[in-house]
Amino acid sequence: MCLAVPGKIIEIFASPSAKMGKVDFGGVFREVCLEAVPEALVGQYVIVHAGFALNTLSEEEAQATLDAFRELDTLEAELGIDDGFAK
Amino acid sequence: MKYLDEFRNADLVKNGLEQLHKITQHPWVIMEICGGQTHSIMLHGLDQLLPPSIELVHGPGCPVCVTSLELVDKALAIASRPEVIFCSFGDMLRVPGSNSDLFSLRAAGCQVKIVYSPMDAVKIAQLNPDKEVVFFAIGFETTAPANAMSVIQAKALGLKNYTILVSQVTVPPAMHAILGSPDNRVQGFLAAGHVCAVMGYYQYHSIAEKYKIPIVVTGFEPLDLVNGILKTVELLENGENKVVNAYSRVVTEKGNIAAQAIINSVFQDVDRNWRGIGLIPMSGWGLRSEFSQFDAEKRFQVDDIMTRESEICLSGKVLQGLVKPNQCPAFGTLCTPENPLGATMVSSEGACSAYFRYSRVEEIIK
């Protein structure tokens, strides 16, 4: 239930009752309520649950997490550690 | 960056697991609150890749599972009325009430519709002015903004035929209930990422301090889960009782203030009865009095309900992390997703259904 899916905003429009947008989920398009992400722009990614955008996604933070896990590998290669874990 | 595939990268997940194996020195019991995380863990087989001394127990974070039997019975009573179009998230349809379920009512000719969003239910209300449209507004903090927004929209559109049956529950009171129980075994928490996307994690510092327990905000992809478990074990091994955010691309300390304002404008704190667990004070939300015309419980008087729970089902203990699904005598025999005895076998977030769908064969034989 609490699953939320990232998608890219491709259009923003105002409906009578809320700020709405069209979001591309890897080729599936849906109307999404953007009322809680007033700063969101076309082209940005939002995380969407039950037709409602919960937040915009931070590319910087996403990259930092990925880099941290990439570095684990580099560190081991540099130190020449091999604990036999299949790669 | 599409924010999905990158976090399913097997090499990076393996890097994280290696690191986890290296730093783990003691046995630890960690609870993931959210049922979505339970499913992701089982789906990707992460439970079998962890160091053997780390035990994951599955929390009550499945709104479908904890929606009280009384409310399910009320939903069935309302959905049975000829003037009602009853809208719900798909997961709720097979949840057993005392005598029936929404699927059976639909098969019997009642108008029960599955919607992806509560705002779709508002559209159905607009298109059917001669019908009463009721939405089963279940959910944790993640779903609350969407549920609240549907009421705000209905009000703005002047709809008189839209109501919601509210079963909103909140995570922090459940964490208090679990940690305060004499049977508690949990030593570290993976906090539910999308609940925190809305609410932030500032409320968790006092829980971490009070119960001397680390709490790590965790996402849902395999790399997020390994990241969350890794950070939790680091804190446990170092004896640190802190709150750490391991889902920073989505979550900030304060959460989404605009979403919180939407929730607060429509809902207020109320006591909630959790199925299988019991009453937890101030553990959920109900409609504010100024929105009482959108309250399905007020519009449809359905009070004289006698509930009857299955006598065999152990879902209450499963939800509290006291029993693993496959330790239940009915698991996979008397109780299956096709014929569930409890809601934990139904929901796409229920721990029993996760074990049934994804558990490797040897797990079931054990």
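The following conversation examines a predicted model and the reasons behind the terms used for it.

Colleague: What makes B:Glu70 and B:Lys74 a salt bridge?

Modeller: Their closest N and O atoms are 4.0 Å apart. The limit is within 4 Å, and therefore the pair is counted.

Colleague: Why are B:Glu70 and B:Lys74 separated by about one helical turn?

Modeller: Both belong to helix α4 (residues 69-79) of chain B, and they are separated by about one helical turn because they are 4 residues apart there.

Colleague: How do you know that chain A and chain B are in contact?

Modeller: Contact requires heavy atoms within 4.5 Å. By that test, 42 residues of chain A are in contact with 55 residues of chain B. The area buried between the two chains is about 4,200 Å², and carbon and sulfur atoms give 67% of it. There are also 15 residue pairs in polar contact between chain A and chain B, with both residues at pLDDT 80 or more.

Colleague: Which elements of chain A give two or more residues to the side that touches chain B?

Modeller: They are β3 (28-33), β4 (45-49), β5 (52-56) and α1 (59-79) of chain A. Helix α1(A) gives the most, with 11 residues. By residue class, this side of chain A divides into 24 nonpolar, 8 polar and 10 charged.

Colleague: What makes strands β10 and β11 of chain B a pair?

Modeller: Pairing requires at least two bridges. Strand β10 (residues 267-274) of chain B is joined to strand β11 (residues 278-287) of chain B by 7 bridges, and the two run antiparallel. The strands therefore meet the requirement of at least two bridges. B:Val270, for instance, stands opposite B:Gly284 in β11(B). The two strands form a hairpin with 3 residues between them, and B:Gly276 in the turn has a positive phi of about 80°.

Colleague: How is chain B divided into domains, and how many salt bridges are counted between domain 1 and domain 2 of chain B?

Modeller: Domain 1 of chain B comprises 1-298 + 311-324, and domain 2 comprises 325-365. The centres of these two domains, taken over C-alpha atoms, are separated by 19 Å. The count of salt bridges between the domains is 0, whereas the count of residue pairs in polar contact is 10, both residues being at pLDDT 80 or more.

Colleague: Which elements each supply at least two residues of the side of domain 1 of chain B that touches domain 2 of chain B?

Modeller: They are α2 (35-43), β2 (54-61), α3 (63-66) and α14 (315-319) of chain B. The largest share, 6 residues, comes from α2(B). The residues of this side divide into 15 nonpolar, 10 polar and 4 charged.

Colleague: How much area do domain 1 and domain 2 of chain B bury between them?

Modeller: They bury about 2,400 Å² between them, 66% of it on carbon and sulfur atoms. B:His39, B:Met42 and B:Lys324 supply 27% of the area that domain 1 of chain B buries against domain 2 of chain B, more than any other three residues.

Key
Residues numbered from 1 in each chain as written. Chains lettered and ligands numbered in written order. Predicted model: local features only at pLDDT ≥ 70, side-chain atom pairs only at ≥ 80, totals over all residues. Heavy atoms only, no water. Buried area = accessible area lost by both parts, 1.4 Å probe. Polar contact = N/O pair within 3.5 Å; in protein donor to acceptor, adjacent residues only side chain to side chain. Nonpolar A, V, L, I, M, F, W, Y, C, P; charged D, E, K, R; others polar. Domains from an automatic or database assignment. Salt bridge = Lys/Arg side-chain N within 4 Å of Asp/Glu carboxyl O.
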